[in-house]
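Subject: Structure for you to look at

Hello,

Here is the structure I said I would pass on. Please open it next to this message, and then read through the notes below.

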Amino acid sequence: MSFLTPLYLLGALTIAGPVIFHLIRRTPRGEVPFSTLMFLSPTPPRLTRRSRISDWLLLLLRVAALCLLAFAFARPFLRETVALDSADGEARRVLVLIDVSASLRRGDLWSQSQNLAEAALRETRPNDDVAVYAFDRSVRPVLTYAESATLEPARRSAIANSRVAELAPTWAATDFGTALVEAVGIIEDLPDSTAETTRMPRRIVLVSDLQEGAALKSLGSFEWPSDVELELKTVEAARANAGLRRLADASEPAVEDGRPALRVQVTNEVDATAERFTLEWKDASDTTVGKGIDAYVPAGQSRVFRVKKPEGDVVLRSLELRGDAHPFDNAVFIADQPKAELSVLYVGDDPADDPNGPLYYLERVFQDTAERAVRVVRHSPQDAIQVGSPQAMPLIVVAATVPVQSIEALREFMITGGTVLCVLTAPELAASAAQLTELSLGNVEEAAVDRDVMLGEIAFRHPLFSQLAAAQYNDFTKIRFWKYRRIDRPGMDDARMIARFENGDPAIVERLVGKGRAILFTSGWSPADSQLARSSKFVPLMMSLLSLSDPQAFEASDLHVGDAVSLSSIMPSSAPTEIFVGTPSGGQVRLPADATSFDATAEPGLYAARIGDERRSFVVNLDPAESRTLPLPVETLEQYGVKVARGPAVARNETETKRQLLNAELEGRQKLWRWIVLATIGVLLMETWLAGRLARTRRSSEEVLLT
Amino acid sequence: MMRLAKRRNQSDATAHPSGRLAGQEAAIDPQALMRIKSLQMRARLAMEGFIKGIHRSPYHGFSVEFSEYRQYTPGDDPRYLDWRLFARSDRYYVKRFEDETNLRCTIVLDTSRSMGYRSEEHSKYEYARTAAATLAYFLTTQRDAVGLATFEDRITEYLPPRHRPGQLRRLTSMLSHEPTGRATDLAAPLEEIAAVVKKRGMIVVISDLLAPIETLKSRFGYLRSRGHDVLVLRVLDPEEVNFEFGSPAMFLDQESGKQIYVDPSAARSEYLRRFQAHAELIAKSCSELGVEYSTMTTARPLELVLFDLVRARGRSGALRGRRSALHRGGRS
C-alpha cells in the first residue's frame, strides 16, 4: 500500500481532539436554573481526575472516522507492476544548442559546457527527436534532425557525444537572438512524425554561459511560439574577467609626444578581485616591446588609456592586457605598417632651386608623417618615364611636354589607380595634356587677364577640396591668378569641372581614367602665374592629391571576428588574379579571382592579403561585446517573450516526476479513497446513532433520578 | 368551632411557654397547604393553625388602643364630637379613635423572577404570597387595615391599606398574579412605599433579598424614620441555603438569563461563605435599625410567619407604647 499524498496522514493527529473532549468531564447537560448567580463564580472545566475516558465506543467511532478521512485524503493505492515504461513517455523534439563563442574560452567553461551538453543528451528519451547545433555569431549544425532520424537511439547518442567532444570554442561573438530564432525555425519547420497525435512538445536546451554581451536584438521582433520551451543549462566562470578594446580614434590626432598613440578601454567586471593590470606592446614574434604601462581599473569600472607606441622602428602586432585571469579578450591587434616610402614624380625641366618654377614649391610641400615619407623625384621630360605602382608612387606631376611613349606609360599608371597632375604652365603643353586626359582642349591660349582673377566656383564636394569645405577654410579670394591658359569648354563632357575662374573659364578639371584620374590645372602655382603656392591652401590641396590614389582600404578597429572583408578596394583593376590571405595562425586561404569579399576571419590577429605581388594587411579583433561576460538575468530573456522552462532542478528530477505521474495514474485507476469515504460515512452514521442512544438513556436516567 | 380550637390551643400553648408552636406535628405541612387552590382558604387555614398555638388573644392591645381627644376646631366634622365629654366638661372634643387605633399594615411582596425558583414542589413566590394572604386574612379578621404592594425593581401594583368589605378579595386576586419581573431592587420600591404610605403603620417586606444590599440600610432607615414598624420576612429555598447540587452544570440566572458553568463540589464552600456574609450583613443592618428580620425557607410551616408578625408587633407595640407615653407626657 502506498500513498499519493502521504502528508495528509498527519491529519490523523486530529484524533487528539475527541480523546481530549472525552477526557474532559463535560457532564453539564442542559441548564440548571437558579435564583441568583451573585454568590457563584464560574468553575473552569477540568479533566477527570482518574483520566477515565467515558463512552469508549463513541470515542472509538469518532477516532475511526477521523482516521479514515485522513486515510482517504492521503489517496492510498496498491502498487502494481504497470507497464508504464519510460519509453512510452511522450515523445519530444529536443534541440541542444551549444554556445561556442569566444567567452567560453574562459577557465574550464568549455569542459563544463561539454559536460552539460552531454547531460542534456543523456536526458533525452529514446523516442525523442534530437538535434544538436552550435552557435556563436551564427548557427551551425552538429547533428541535424534528418541525420539523427536515421540513427538508432544508442548510436545517435554516441555520435552526438563524439561530435560535441570535437567542438571547440571559436573567437566569434555571441548572438543569442539569431541563434534562438534559427533554432525555433529548425524545431518548428520539421513536420511531426506522428501526425495523428497532438503536437510533440518542443524543447530547446541552451548550453551557454549566458553572457551579458550577447546580442538579443533579433528576439525583439520575434514572436516566441507558445509550445517551444527553452531550458537553460548555464555555466559560470569562477573568476571575473577584464577586457581590452580599442576605441575609435577621436577627432583629435592620436599622437602623444610626436609618437602615435592608441586609445584603448580597459573594463573590469563587478566582482573582480584584480584591479592592477599592465598594458604591453607585442611585436610579430610575440615578444614584449618597450616597457608596459600600469593600468589601474577598479572592479566594475572601465578606464580609457592612450598608449604610446614605443620608440624605434619596430613593427607592432598587438597591445595586450596582463593581469587578467581570462586572456581571451586581452589583446588589441593593430596593423602596424612600416613607414611607407612614397615618391612623387615631377616631369619638368625647371631647376629645383628656382623659386619661380613649380618644382621649388612641390619639393617643399610634402612633409614626412609617422606613416609615410614623400620624396619628390625630378624627371626630365625627354627621358622615358618608368612608373611604379600607385601605392609607391601615388602622384605624377607633369609640367612639360612629354613624348608619346611616356604618355602611354602615364595612362597605364592612371588606369591602375594613379593620379597624374598636368599643370598647363604654358599653352604649348596643351597637346600633351590633351593626350593625357583624352579631352579636346581646343585652342589653348594665354588668357587675357585684367590685372588678376580669382577662383569663382569650386566643387567643395570633390575630395580635392573637401577638407577645405568648412566655412573657416573656404575663402579662396586671397588667391589671385595673374596668368592662366584658357581652354575651350565644348570638349569637357567627359570631364568634371572642379574649379572655375570667376569669368567662367575652367581652372581645375578632372578626368577619370581607369581606377585613377588625370587632373588638369590651367594655371601654375609659381609666383609668375598666381599666389597659390604661397597661400595656406596649397599644402592641403597637394596632400589631397597625394591621397586620391591611396584611399584607406581598411579601418583596423572596425573589423571583428567573423566580419567579411570587402576585397574591392584591394583588387587591382587589371585582369583579376587569385588572392591569397594569410591568417594569424599561419594558414593561407586562397580566394578565387571573382571573390568580392573575404569572410574567413575566424580568429583575431593580423591578416596578410597578397594580390599578385602586392601585399596588404588588415587586422581583425575580438568583438568587444564578448568581453561583457557577466551572466545575463533570465528575466531579460523572458522580457523578450522567451518561454523559459523554470528551475533546472525540476528537469533534473524528471524521473521523480515520472514516478509521481505513475503513482497518480495507479491511484486514479484504483480510486480506493471512494471506498474509504463510504466507510467513513458508515462510521459517522453509527456514531450518530450511538450518540443519540446514549443521550436518550442518560436523559431518561436523569429523569428517573429527579422523580 | 373557632372558639373551641382557640381554647384547646390555648391549653396547648400553656404547656410551651416559649410561644412557639406546640409541636411540628401540629403545624400544617406547607406542601399540603400549597395544594389548596384558593389563596383565601389557605390563609384561613394557616391562621387557624396559628391561633391554635398562641398564648394570648391577639385582639388584646391591637385594635383598642388609647386615642386622644383633641379640642374641636371649626372645620372638624361634627359627627366626631364626643357628646358625653361635652356633657361632662362643657367643652367640645373630637374623638380620634378610628384611624389611630387600628393597625395599618402594608405588605410589600417581591415578585421578581428569583422568587420563582423552586427546588421543591412550590416556589418561593408561592410560599411568599400564601404568607402574605395569611397575614392579610389575619389582620382583616382583626379589623385592621391591610394593603399590598408588589414590586420587582419598582412598585408594580399597589393596594392601599383599608378595612372594608372586598379588600381581602382584591388583595388575594392581586396576589394570584404570577411573578414576571426580572431584577430585584429593594431600594427603589422601599423609597416609593415610604412616599406613598404617609400614615404610620406596619410594613411587612416579603422577599428573598437576593440583591445587592448596599442601599438597603438607608431605605429601611428611611421607613423607620417615618415611624413605620418594619418587618422583613426573608423567604429562601432550602437549596439556596444549603447549595447541595450534585453534578457540574450550566447555572442559569433566572433574572438576567446569564449562564455560567459551575461545579458545585468546587463552588459550594465559596457560595456558602458569600451567602452567609450577605445574610449576616442584612441581619446586622436590620438589628441596627430596629427592623424585625426573619428568615424562613419554603419548607417551614407557614403559620409561623404570624408568630414573627406578632412578635414584631409586640415589640414595636411596647416600644410605641413607651414612645406615646413620652409623647403624651410632653404634651401635658
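In chain B, 6 strands make up an open sheet with mixed pairing, in the order E5-E4-E3-E6-E7-E10. Helices (H or I, at least four residues) and strands (E, at least two) are DSSP runs, numbered from the N terminus, and two strands pair if DSSP finds at least two bridges between them. At the edges are strand E5 (155-162) and strand E10 (292-297) of chain B, each of which pairs on one side only. From one strand to the next the twist averages 15°.

Before going on, note that this is a predicted model, in which local features need pLDDT of at least 70 and side-chain atom pairs count only at pLDDT 80 or more, while totals for chains, interfaces and linings use all residues. Residues are numbered from 1 along each chain as its sequence is written, and chains are lettered from A and ligands numbered from 1 in the order in which they are written.

Within the chain B sheet, strand E6 (residues 202-207) and strand E7 (residues 229-236) are parallel and share 6 bridges. B:Val205 lies opposite B:Val232 in E7(B). H6(B) packs on this sheet and touches strand E3 (104-110), strand E4 (145-151), E6 and E7 of chain B. The direction of H6(B) makes about 170° with that of E3(B); angles run from 0 to 180 degrees between N-to-C directions, and axes are lines fitted to C-alpha atoms, for helices over the stretch in contact.

Helix H6 (residues 124-141) of chain B also packs with helix H7 (residues 167-175) of chain B, at about 175° and with the axes 10 Å apart. H6(B) is therefore roughly antiparallel to H7(B) (under 35 degrees counts as roughly parallel, over 145 as roughly antiparallel, 65 to 115 as roughly perpendicular and the rest as oblique). Residues in contact (C-beta atoms, placed from the backbone, within 7 Å) include B:Ala132 and B:Tyr137 of H6(B) and B:Leu168 and B:Leu171 of H7(B). By class, this contact has 7 nonpolar, 3 polar and 1 charged residues. Here Ala, Val, Leu, Ile, Met, Phe, Trp, Tyr, Cys and Pro count as nonpolar, Asp, Glu, Lys and Arg as charged, and the others, Gly among them, as polar.

Now to chain A. Helix H3 (residues 109-122) and helix H5 (residues 153-166) of chain A pack at about 165°, with axes 10 Å apart. That makes H3(A) roughly antiparallel to H5(A). Their contact has 5 nonpolar, 3 polar and 1 charged residues.

Strand E4 (residues 93-99) of chain A pairs with E5(A) in the parallel sense over 7 bridges, and A:Leu95 stands opposite A:Ala131 in E5(A). Of the 7 residues of strand E5 (residues 129-135) of chain A, 6 are buried, so the strand is largely enclosed by the rest of the structure. A residue is buried if 20 or more other C-beta atoms, placed from the backbone, lie within 10 Å of its own, exposed if 12 or fewer, and partly exposed in between.

How do the two chains meet? In chain A, 16 residues are in contact with 28 residues of chain B. The chain A side has 10 nonpolar, 5 polar and 1 charged residues. Strand E2 (residues 31-34) of chain A runs parallel to strand E8 (residues 249-253) of chain B, joined by 4 bridges, and A:Pro33 is opposite B:Leu252.

Regards

Terms used:
Contact = placed C-beta atoms within 7 Å.
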